[in-house]
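The sequence and the model are shown first, and the description follows.

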Amino acid sequence: MTATVNATARATASNGLGGTDIGLLVARLGFGGGLVVHATQKLFGWFNGYGLDATAQGFQGMGYDPGKFFATLAGLSELTGGLLLMLGLLTPLAGAIALGTMINAVHATWSGGFAMWELPAVYAVAAAAFAFAGPGRLSLDSGRPWQRQGLVWGAGAVALGVVAALITLAVK
């Protein structure tokens, strides 16, 4: 068993990649891709989405006035945050963007019960986790001077996402 662990450690050390890097890549592609698909449903009606006009009516009905502005803001935030997460680029900012948007989604669906706000809550948790953990080595952030992760950057991203969400909720 020790020989296997040592061989795995040497293999990881020699190429610099480990299970964590692959896991972060898979998670980033899954969560980021999900946000991108959801954004294109809102904005363009792709993937059996409603498109911007119908989404705007829905936002208006949820108290986000003007509906078209908030539907566009949500769609562009999901698109931007999702793409940045998929690429592993500016990861704390991507986490903040996604988190702020998902806090509003949880708020908007709260009265529908757990089944309605469960998915946005999972996306919010993932966004916060990426802000703290960073994107891993298989990313555009990796090894760049702007790469940021850890407690301070994660906490800052979460604070930014929460403040942005609260501002949006206050002006809706």
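In this predicted model, F47 is exposed, with a relative accessible area of 53%. The residue is located in the loop between helix 2 and helix 3. Although F47 is not a glycine, its phi is positive, at about 55°. Most residues other than glycine have a negative phi, and most peptide bonds are trans.

A second case is L90, a residue other than glycine with a positive phi near 50°. L90 is placed in the loop between helix 4 and helix 5 and is partly exposed, its relative accessible area being 36%. A positive phi, near 95°, also occurs at G63, which follows helix 3. In the loop between helix 3 and helix 4 lies P66; the peptide bond that leads from D65 to P66 is cis, with omega near 5°.

**Overall architecture**

The protein chain contains 7 helices and 0 strands, and its pattern along the sequence reads α-α-α-α-α-α-α. The C-alpha trace spans about 60 × 35 × 30 Å along its principal axes. Of the 172 residues in the protein chain, 37% are buried. The accessible surface of the protein chain amounts to about 9200 Å², and carbon and sulfur atoms account for 71% of that surface. When contacts between residues at least 6 apart in sequence are considered, 63% of them join residues at least 24 apart.

**Helix 3**

Helix 3 comprises residues 51–61, and its buried residues are G51, T55, A56 and F59. These residues lie on the same side of helix 3, because they cover an arc of only 150° around the axis. Helix 2 (19–44) and helix 4 are the elements against which the buried residues of helix 3 pack. On the face turned away from the buried side, helix 3 carries the exposed residues D53, Q57 and G61.

**Helix pairs**

Two packed helices are described by the angle between their axes and the distance between the axes. The table gives these values for two pairs.

| Helix pair | Angle | Axis distance |
|---|---|---|
| Helix 4 (residues 67–87) and helix 5 (residues 91–109) | about 145° | 8 Å |
| Helix 6 (residues 114–133) and helix 7 (residues 151–171) | about 145° | 7 Å |

Helix 4 and helix 5 cross in a left-handed manner. On the side of helix 4, the contact is formed by A74, S77, E78, T80, G81, L84 and L85, and on the side of helix 5 by T91, A94, G95, I97, A98, T101 and M102. By class, the residues in this contact of helix 4 with helix 5 are 7 nonpolar, 6 polar and 1 charged.

Within helix 4, S77 has a relative accessibility of 17% and therefore counts as buried, the cut-off being under 20%. Apart from its neighbours within four places in sequence, S77 is in contact with G82, I97 and T101.

The crossing of helix 6 and helix 7, by contrast, is right-handed. Here A128, A131 and F132 of helix 6 meet L151, W153, G154, A155, A157 and V158 of helix 7. The residues of the contact of helix 6 with helix 7 comprise 8 nonpolar, 1 polar and no charged.

Notes. Residues are numbered from 1 along each chain as its sequence is written. This is a predicted model: local features need pLDDT of at least 70, side-chain atom pairs count only at pLDDT 80 or more; totals for chains, interfaces and linings use all residues. Side-chain values use heavy atoms; hydrogens and water are left out. Axes are lines fitted to C-alpha atoms, for helices over the stretch in contact, and angles run from 0 to 180 degrees between N-to-C directions. Helices (H or I, at least four residues) and strands (E, at least two) are DSSP runs, numbered from the N terminus. A crossing is left-handed if the near helix is turned anticlockwise from the far one by less than a right angle, and right-handed if clockwise. Contact means heavy atoms within 4.5 Å. Ala, Val, Leu, Ile, Met, Phe, Trp, Tyr, Cys and Pro count as nonpolar, Asp, Glu, Lys and Arg as charged, and the others, Gly among them, as polar. Buried means under 20% relative accessible area, exposed over 50%, partly exposed in between (1.4 Å probe, protein chains only). The arc is that of the directions from the helix axis to the C-beta atoms. Accessible areas come from the Shrake-Rupley method with a 1.4 Å probe; for residues, only the protein chains shown count as cover.
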